[in-house]
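Here is a short briefing on one protein chain.

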Amino acid sequence: MKKIKKPSVANEFYSGNPSELSAQILSFENNNYNNSKYKARAVIVPHAGLVYSGRLAYEGINQLDKGLKNIFILGPAHKKWFDGIGVTSYDEWETPLGNVEINTEITKELIEKYGANYQDEALAPEHSIEIQIPLIQSVIGNVKIIPVLIANQSTDLITKIIQDYWQDKQNGFIISSDLSHFLTDEEAKKIDLITAQMIEKADFNGVETGQACGIMGIIGLCNFAKQNNFSMIRVDMINSAFVTKDISRVVGYGTWFLFEGEKNEYIKEYYGDFILDLAKTVIESSFDKKPSQHRYPQVLDEFGASFVTLEKNGRLRGCIGSLSAYQPLIIDIVHHASDAAFKDPRFQPVSQDEVKDLSIAISLLSHSTAIEFTSEEDLLDKIVPFEDGIIIQDGKLSAVYLPSVWEQLPDKKEFLKSLKIKAGMKPDYFSKTFKAFRFSTVYVK
């Protein structure tokens, strides 16, 4: 006889009435702000009551590949503390929408290979896992789940579990976590933004447990992403004041999904037309044309660096950008589009009559890394033409060339000489304090 786990938080975190629960989840679908077509296999989603964070959780789970056969749900233990990670001895988990099968084979593997132990007592009152199951039933349908409760455990083990089971493309992962708890709206937004940037950079130096209740699972997933050169893409961030209107004591919520590649490649593929239209709209609006008003994807709120390049009849008409990601990418693009058109000191401001003849390109920059070299010849050997953007610096003198400049200067020596002249150096200049950095770009045109 199958052992069935009864719902523990129905009528508390979500409706115990099947019709009401289905209608609520349908409302999330109808109000889904996330229109990305990417099929993800790992997400971070909140786990408060559905009335508070259900839409964000829905948007994350809806991002998952609908062909998945197994979904790990990794949630923090709120009610009972224990060492390690906990799994369940049940065969199925019941919700008002029916029963979901638990993959008992993988559960046993987690015990035998990863030191997990049965924690049915800790799972009994726990909401961090159960709150996701009705959403999985509605969005994914026929799938097995592997509930994993995280208590006192190293994030390295979480990363290893994800790494090992990632090899099977039928496996997916949900990291269940809210963000800050019981701060004012203003305080929460500041802390949650810091947490968001940690997630998006996979850099948790100085992280505190109060930033997210499921921080162990978050770090485990983000470290896996970093090791594989994957990216965490932000879907949305809000807090409970969005629903309650009470800004005195809020809980933060955020949703991300894992993209198997670099973030800038994702932006180009799914939102390239959007950012080009944005840059064009910024320039046109300077001539009293009303800019279009529409919601923009939250991935553009992640910090990013860009260059906006304008050409007219195949010739440069303006180019302004930034080398470091110090502000949200959408703001970076807006500012540089305007500056390229009207503040590039090499050109007169663009006139209204010229706008129709402009072609716009946007370069999305990676982080720059220092090139180690012992001589100019050594530096030239290490530069990769048509791939590397190059920054040179010596004291107050500096200059940058985007990778697109290789099309005009394909010879490495001529490329470097021209860059030196741009920086205000002599063509044959070199010194012991001369520095060079490389970066890559994703070119959107």
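A202 sits in the loop between α7 (185–201) and α8 (215–227). Its phi is near 55 degrees, a positive value in a residue other than glycine. The model is predicted: local features need pLDDT of at least 70, side-chain atom pairs count only at pLDDT 80 or more, and totals for chains, interfaces and linings use all residues. Residues are numbered from 1 along each chain as its sequence is written, and side-chain values use heavy atoms, with hydrogens and water left out.

**Whole chain**
- The chain holds 13 helices and 20 strands. Helices (H or I, at least four residues) and strands (E, at least two) are DSSP runs, numbered from the N terminus.
- Along its principal axes the C-alpha trace spans about 80 × 55 × 40 Å.
- Of the 445 residues, 53% are buried. Buried means under 20% relative accessible area, exposed over 50%, and partly exposed in between (1.4 Å probe, protein chains only).
- The chain exposes about 20800 Å², with carbon and sulfur atoms supplying 48% of it. Accessible areas come from the Shrake-Rupley method with a 1.4 Å probe; for residues, only the protein chains shown count as cover.
- Among contacts between residues at least 6 apart in sequence, 77% join residues at least 24 apart. Contact means heavy atoms within 4.5 Å.

- Most residues other than glycine have a negative phi.
- A202 is buried, at 10% relative accessibility.
- N11 also has a positive phi, of about 70 degrees, and is not a glycine. N11 lies in the loop between β1 (4–5) and α1 (18–30).
- N11 counts as exposed because its relative accessibility is 65%.

**Strand β9 and its partners**
- Six of the six residues of β9 (residues 171–176) are buried.
- N171, F173 and I175 point one way from β9, while G172, I174 and S176 point the other way.
- β2 (residues 42–45) runs parallel to β9, joined by four bridges. I44 stands opposite I175 in β9.
- β3 (residues 70–76) also runs parallel to β9, with five bridges between them. F72 has F173 as its bridge partner in β9.
- Two strands pair if DSSP finds at least two bridges between them.

**Antiparallel sheet**
- Four strands form an open sheet in the order β16-β19-β17-β18, with antiparallel pairing.
- β16 (369–370) and β18 (397–401) are the edge strands, each pairing on one side only.
- Five bridges pair β17 (residues 389–394) with β18 in the antiparallel sense. I392 has A399 in β18 as its bridge partner.
- Helix α13 (residues 412–423) packs on the sheet and touches β17 and β18. The direction of α13 makes about 135 degrees with that of β18. Axes are lines fitted to C-alpha atoms, for helices over the stretch in contact, and angles run from 0 to 180 degrees between N-to-C directions.

**Salt bridges**
- The whole structure has 20 salt bridges. Each is a side-chain nitrogen of Lys or Arg within 4 Å of a carboxyl oxygen of Asp or Glu.
- K80 pairs with E121, the closest N and O atoms being 3.3 Å apart. K80 lies in the loop between β3 and β4 (85–87) and E121 in helix α4 (residues 120–123), so the pair ties together parts that are 41 residues apart in sequence.
- K80 is partly exposed at 31% relative accessibility, and E121 is exposed at 58%.
- K190 forms a salt bridge with E186, with closest N and O atoms 3.8 Å apart. Both residues lie in helix α7, four residues apart, about one turn of the helix.
- K356 forms a salt bridge with D357, at 3.9 Å between the closest N and O atoms. K356 is exposed at 68% relative accessibility, whereas D357 is partly exposed at 37%.

**Surface patch**
- V51, Y52, F242 and V243 form a nonpolar patch on the surface, with about 350 Å² of accessible area together. Patches are made of residues with over 30% relative accessible area and no salt bridge: like charges are joined within 9 Å, nonpolar side chains (Val, Leu, Ile, Met, Phe, Trp, Tyr) within 5 Å.
- α2 (50–62) and α9 (241–244) each supply at least two residues of the patch.
- F242 lies in helix α9 and is partly exposed at 45% relative accessibility.
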